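Here is a guided walk for someone meeting this structure for the first time. Have the sequence and the 3D view open together, and look up each residue as it comes along.

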Amino acid sequence: MPIDATRALAAEPWSETLAWDHKDVQLYHLGIGAGVPATDPAELRYTLESRLHVLPSFATVAGGGTGMLAGLSAPGVDVDLAAVLHGGQRVDVHRPLPVRGRAVTTSRVAAVYDKGKAAVLVLRSETADDDGPLWTSEADVFVRGEGGFGGERGPSRPAADDRIPDRAPDRTVERPVREDQALLYRLSGDWNPLHADPSFAALAGFDRPILHGLCTYGMTLKAVVDTALGGDVTRVRSYRTRFAGVVFPGETLRVRMWDGDGRVRVSVTAAERGDAPVLADTAVETR
């Protein structure tokens, strides 16, 4: 069987050195839609090196964003990329991310769940530089067709803190996705052809390439920072989501936010498809 849960969980953690500078940060910000309008002072914080701050979701691509792919080739794991979907993502930020950095990230398969028709790998990484911990990240990776091995099913309900309040949102914003956005975002390191090659997308069951889930993840955090946190990236303590649906380049993200209890709860839908769910169980915890 392509996934040997016992072997994957028993495997030694693996480490790699990450390095980045302002160009990597700027490219990432442009890939999630920053820089519109180009001369807006609020946007220049994402695009101009003399004013640059780093959106915490940059952690998912720092050093080339190879962590999840490395997890898919860990001992006990041998899967087809066409069967892989990113199911969820969490980043905990221990201190503000520097514009230029060099760090070591240590990763492991933290859990393997049996969802019946799919297996879920939980990949956990700890990243630190010479000054100490920078961030902790956790990715849930669905592998279709690899379930049914009799393993633990794992959690199925969102944490109570992540559930959307039963009231109107405190704010709603819309963010357009450019036709070429997936092509630009993939330059930050996620080269999965699902997001660029129509023939590969068809093998995965889509009629055209889809946007990276982590691009939507970054676009959403930017919307929250810019509108709910006064543009202050250092207020983000953690950010988590579940990928509930796909986004196609050219669509519009509708981002709804609810404030309270030291966090912003968020839902994201595709406006043109009748508010089809995109991100669910989403929360930004704040300082």
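The structure holds 18 salt bridges, a salt bridge being a side-chain nitrogen of Lys or Arg within 4 Å of a carboxyl oxygen of Asp or Glu. Before we visit some of them, please note that this is a predicted model, in which local features need pLDDT of at least 70 and side-chain atom pairs count only at pLDDT 80 or more, while totals for chains, interfaces and linings use all residues. Residues are numbered from 1 along each chain as its sequence is written, and side-chain values use heavy atoms, with hydrogens and water left out.

Let us begin with a helix. Asp226 forms a salt bridge with Lys222, and their closest N and O atoms are 2.8 Å apart. Both residues belong to helix α7 (residues 213-228), where they sit 4 residues apart, about one turn of the helix. Helices (H or I, at least four residues) and strands (E, at least two) are DSSP runs, numbered from the N terminus.

Of its 16 residues, 12 are buried, so the helix is largely enclosed by the rest of the structure. Among the buried ones are Leu214, Tyr217, Met219 and Val225. The end C-alpha atoms of α7 are 22 Å apart, which agrees with the 22 Å that its 16 residues should span at 1.5 Å a residue; the expected span is 1.5 Å times one less than the number of residues. Just after α7, Gly230 takes a positive phi of about 65°.

The side chains of Asp275 and Arg256 meet in a salt bridge, at 3.0 Å from N to O. This pair links distant parts of the chain, 19 residues apart: Arg256 is in strand β8 (residues 252-260), and Asp275 is in the loop between β9 (263-270) and β10 (276-286). Asp275 counts as partly exposed, at 26% relative accessibility. The phi of Asp275 is near 60°, a positive value in a residue other than glycine.

Two strands pair if DSSP finds at least two bridges between them. Strand β6 (residues 171-176) and β8 run antiparallel and are joined by 6 bridges; in one of these, Arg175 has Leu253 of β8 as its bridge partner. β8 and β9 also pair in the antiparallel sense, over 8 bridges, and Gly260 has Arg263 in β9 as its bridge partner. The hairpin of β8 and β9 has 2 residues between the strands, and Asp261 there takes a positive phi near 60°. β8 is mostly covered, with 7 of its 9 residues buried.

Arg263 comes up again in another salt bridge. Glu285 pairs with Arg263, the closest N and O atoms being 3.6 Å apart. Glu285 lies in strand β10 and Arg263 in strand β9, so this pair ties together parts that are 22 residues apart in sequence. Glu285 is buried, with a relative accessible area of 8%, and Arg263 is buried too, at 12%. Strand β10 also holds Asp281, whose phi is near 50°, a positive value in a residue other than glycine. Asp281 is partly exposed, with a relative accessible area of 21%.

Ser188 is found in the loop between α5 (181-185) and α6 (198-203), and counts as buried at 9% relative accessibility. Not counting residues up to four places away in sequence, Ser188 touches Leu27, Tyr28, Val61, Gly64 and Gly65, where contact means heavy atoms within 4.5 Å. Pro37 is in the loop between α2 (22-31) and α3 (41-47). The peptide bond from Val36 to Pro37 is cis, with omega near -5°. For background, most residues other than glycine have a negative phi, and most peptide bonds are trans.

Key
Buried < 20%, exposed > 50% of the residue type's maximum accessible area, 1.4 Å probe, protein only.
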